[in-house]
Amino acid sequence: MNTVSDTRGAAFLGRVEREQSAARKEGSLSARAEAVGRELARYGVVVVVGWIGLMKFTAYEAEGIRLYVTNSPLMNWVYELMSVRGFSALLGVVEVGIAVLIAARPLSARASAVGSALAVGMFLTTLSFLATTPGVWEPSAGGFPALSGKPGQFLLKDLALLGIALWSFGESWKAGVRATA
């Protein structure tokens, strides 16, 4: 009888060890996926903001943002102070600067926190265009809540980018506080 009991005990322990090993592998895989996701989120925002910022130096992009700016109560006054191309270039400098600050996370958590906070403000501003830009709601689909392809769906992506910028701000801020403590 001891042999049967010992065999069952060994089988049980073997099964427990296999389950624990599988759990460790699964945990390791999930930890790696999370780490890759974090880096992709942060540096994905860097690429998007930086690339769009560089595009602001082109006539194409300067004209592309005119609709949003002229219909925004927050920004419609800027074309009284500067040209369409001049304002677009200024935005380009700001956006590239934001991207550089966020990307600086390995060197300076505080710089990344500042860039991320600026990105939050930028994405909140662009999301406000959902309420002010003509053509956001598709009339052929009944209007609100049916989004048009452009500008509606084009603007809505900034909701996800806002979430990433908020996460990046929080993570960078916390790391900056830890570094000074």
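Residues are numbered from 1 along each chain as its sequence is written, and side-chain values use heavy atoms, with hydrogens and water left out. Because the model is predicted, local features need pLDDT of at least 70 and side-chain atom pairs count only at pLDDT 80 or more, whereas totals for chains, interfaces and linings use all residues.

The chain contains 6 helices and 0 strands, where helices (H or I, at least four residues) and strands (E, at least two) are DSSP runs numbered from the N terminus. Along the sequence the pattern is α-α-α-α-α-α. Of the 181 residues in the chain, 33% are buried; buried means under 20% relative accessible area, exposed means over 50%, and partly exposed lies in between (1.4 Å probe, protein chains only). The accessible surface of the chain is about 11,100 Å², and carbon and sulfur atoms account for 68% of this surface. Accessible areas come from the Shrake-Rupley method with a 1.4 Å probe, and for residues only the protein chains shown count as cover. Among contacts (heavy atoms within 4.5 Å) between residues at least 6 apart in sequence, 61% join residues at least 24 apart.

The structure holds 7 salt bridges, each defined as a side-chain nitrogen of Lys or Arg within 4 Å of a carboxyl oxygen of Asp or Glu. One of them pairs Arg42 with Glu171, with 2.6 Å between the closest N and O atoms. Arg42 belongs to helix α1 (residues 2-55) and Glu171 to helix α6 (residues 149-180), so this pair ties together parts that are 129 residues apart in sequence. Arg42 is buried, at 4% relative accessible area, and Glu171 is buried at 19%.

Lys56 takes part in a salt bridge with Glu61 (3.3 Å, N to O). Lys56 counts as buried at 5% relative accessibility, as does Glu61 at 15%. Lys56 also forms a salt bridge with Glu95, where the closest N and O atoms are 3.4 Å apart. Glu95 lies in helix α4 and Lys56 in the loop between α1 and α2 (59-70), so the pair ties together parts 39 residues apart in sequence. Both Glu95 and Lys56 are buried.

The largest pocket holds about 570 Å³ of space. It is lined by 28 residues, of which Ile52, Lys56, Ile65, Glu95 and Thr126 are the closest to its centre. At least two lining residues come from each of α1, α2, α4, α5 (109-132) and α6; α5 gives the most, with 7 residues. On a 1 Å grid over the protein atoms alone, a pocket is an open set of points where a 1.4 Å probe fits, with protein on both sides within 12 Å along at least five of seven lines, and lining residues have an atom within 4 Å of a point. Grid points are joined across faces, edges and corners, and a volume is the space filled by probe spheres set on the points.

Val94 is found in helix α4 (residues 84-103) and is partly exposed, with a relative accessible area of 42%.
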